[in-house]
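Hello! Here is the structure I promised to pass on to you. Have a look at it first, and then read my notes below.

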Amino acid sequence: MTAPARTERIPFFPPDLFEADRTVLLDLLLELGLSPEQRFILGEHTRRFEGLLREALGAADVVACASGTSALDLALTAVDVGPGDEVVVPAFGCAPLASSVVQLGATPVFADIDPHTMVADPGDAERRITGRTKALMPAHMFSVMADMPRFAGLARRHGVRLVEDSAVAQGAVLDGTPAGLWGEAGVFSFVQVKSFGMPGEGGVVVTRDAALGERVRMLRNHGQDGSNRFLHHVIGRNSRFDEIQAAFQVHRFGGLPQRLERRAAIAAYYTERFAPLAERGIVPPPAGTDGRCYYVYTVLADRRRELAAHLQEQGVDCHAYYPLPLPQHPAFAVFAAPGDRWPHAERAARRALSLPVHHRLTDADVEYVADAVCAFAAH
Ligand SMILES: *Cc1c(COP(=O)(O)O)cnc(C)c1O
């Protein structure tokens with residue numbers, strides 16, 4: 001712990017994420033801003049972006065919308081979740097997992113997680129299925145895809161719908177099937193911190209069911225169908241996509257596989273360095289690439305507070321996602337039965353610590369971060 005502090009901090013999120021594409025973005029701003037069509041939402045660029053993603057993924061449809069959260073709302077609505085229904089979601093994860101269900105008048109039912117991978121435990125999820133369960137919504141967490149083969153089996157066996165919160169797993173493939181296509185509907189988020197983040201808000205619903213895609217298309221734009229404006233078939237939303245962002249994402253899409261590979265290589269290096277630390281109270285995620293996408297690299301640390309303080313002191317930014325299980329937030333506690341517990345989610349909330357893994361890190365940065373963690377474990 002005596003290594004000299006670096007003069008430059010290692011940020012958790014790169015401040016120069018879009019620097020290489022700066023002129024493209026400025027040119028697009030001028031081009032679309034001054035074009036005679038004055039078309040700023042749901043135009044040709046959005047259609048091209050949706051088409052690119054659809055082909056790359058092998059999906060029946062990809063529908064761009066206002067955010068990942070909105071994509072969850074559209075997907076749940078499209079599979080008919082409504083008042084009185086229950087939706088089984090992970091007890092550990094981000095707020096939209098529960099709030100998207102609550103917004104529809106349905107009740108989130110929280111399932112505990114696997115203690116190591118931190119994704120929803122299908123066994124606990126199954127125990128929580130009742131006659132009112134309408135859907136299961138597992139989520140991919142940090143770098144690990146949920147156990148989708150087992151969730152797909154559960155959905156079939158119990159006759160419930162399956163929505164996949166794949167917001168953070170764009171590019172991951174499990175047993176040959178990409179994240180997003182395991183459920184009836186999946187989502188991606190393009191908020192800047194995600195692997196295919198952009199300078200603004202946006203998301204997509206992805207689906208292998210063309211009819212479901214059609215419903216989502218209507219829902220995102222006030223319940224109209226594309227060809228018949230001002231005829232409203234269903235109660236919809238305003239969840240449209242920005243043309244400048246769409247054109248920018250089309251431009252950046254080609255580089256995504258390389259950026260994801262760089263993240264995976266950094267993660268592989270960390271995991272190799274950290275594997276021996278397990279007996280010293282720092283447990284890395286499992287190694288490997290099947291069903292993996294290194295959106296965030298998260299270790300489980302018995303002494304998280306001390307490790308985080310050590311890293312900050314060494315100039316390495318880190319984050320504790322998520323400090324509380326969902327059912328223990330004031331907003332969601334009312335949906336949990338009194339006395340119900342999620343021991344693995346509670347333990348993960350105390351131990352999870354995420355390290356920088358973005359593609360702008362140099363090899364020297366990555367080695368420095370690994371050294372800092374190993375130096376802490378040695379004391
Ligand atoms: C980021 C995220 C969302 C929401 O996406 P936004 O674009 O921020 O609305 C939903 N689910 C998970 C698991 C996420 O990480």
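Let's begin with the sheet. Seven strands form an open sheet in the order 1-9-8-5-4-2-3, with mixed pairing. Strands, like helices, are DSSP runs numbered from the N terminus (helices are H or I with at least four residues, strands are E with at least two), and two strands pair if DSSP finds at least two bridges between them. Strand 1 (61-65) and strand 3 (107-111) are at the edges with a single partner strand each, so one side of each has no neighbour in the sheet. On average, neighbouring strands of this sheet are turned by 25° against each other, direction ignored. For such angles, axes are lines fitted to C-alpha atoms (for helices over the stretch in contact), and angles run from 0 to 180 degrees between N-to-C directions.

Please keep in mind that this is a predicted model: local features need pLDDT of at least 70 and side-chain atom pairs count only at pLDDT 80 or more, while totals for chains, interfaces and linings use all residues. Residues are numbered from 1 along each chain as its sequence is written, and side-chain values use heavy atoms, leaving out hydrogens and water.

Back to the strands: strand 4 (residues 133-136) and strand 5 pair in the parallel sense over two bridges, and L136 stands opposite L162 in strand 5. Helix 4 (residues 96-103) packs on the sheet and touches strand 2 and strand 3, where contact means heavy atoms within 4.5 Å. The direction of helix 4 makes about 150° with that of strand 3. Helix 7 also packs on the sheet, touching strand 1, strand 8 and strand 9 (203-207), and its direction makes about 15° with that of strand 1.

Now for the charged side chains. The whole structure has 21 salt bridges, each a side-chain nitrogen of Lys or Arg within 4 Å of a carboxyl oxygen of Asp or Glu. One of them joins R161 and D80 (3.9 Å, N to O). R161 lies in strand 5 (residues 161-164) and D80 in the loop between helix 3 (68-78) and strand 2 (86-90), so this pair ties together parts that are 81 residues apart in sequence. D80 also forms a salt bridge with R215, with the closest N and O atoms 3.0 Å apart; R215 is in helix 7 (residues 210-220), 135 residues from D80. R161, in turn, forms a salt bridge with E184 at 2.7 Å.

Enjoy exploring!
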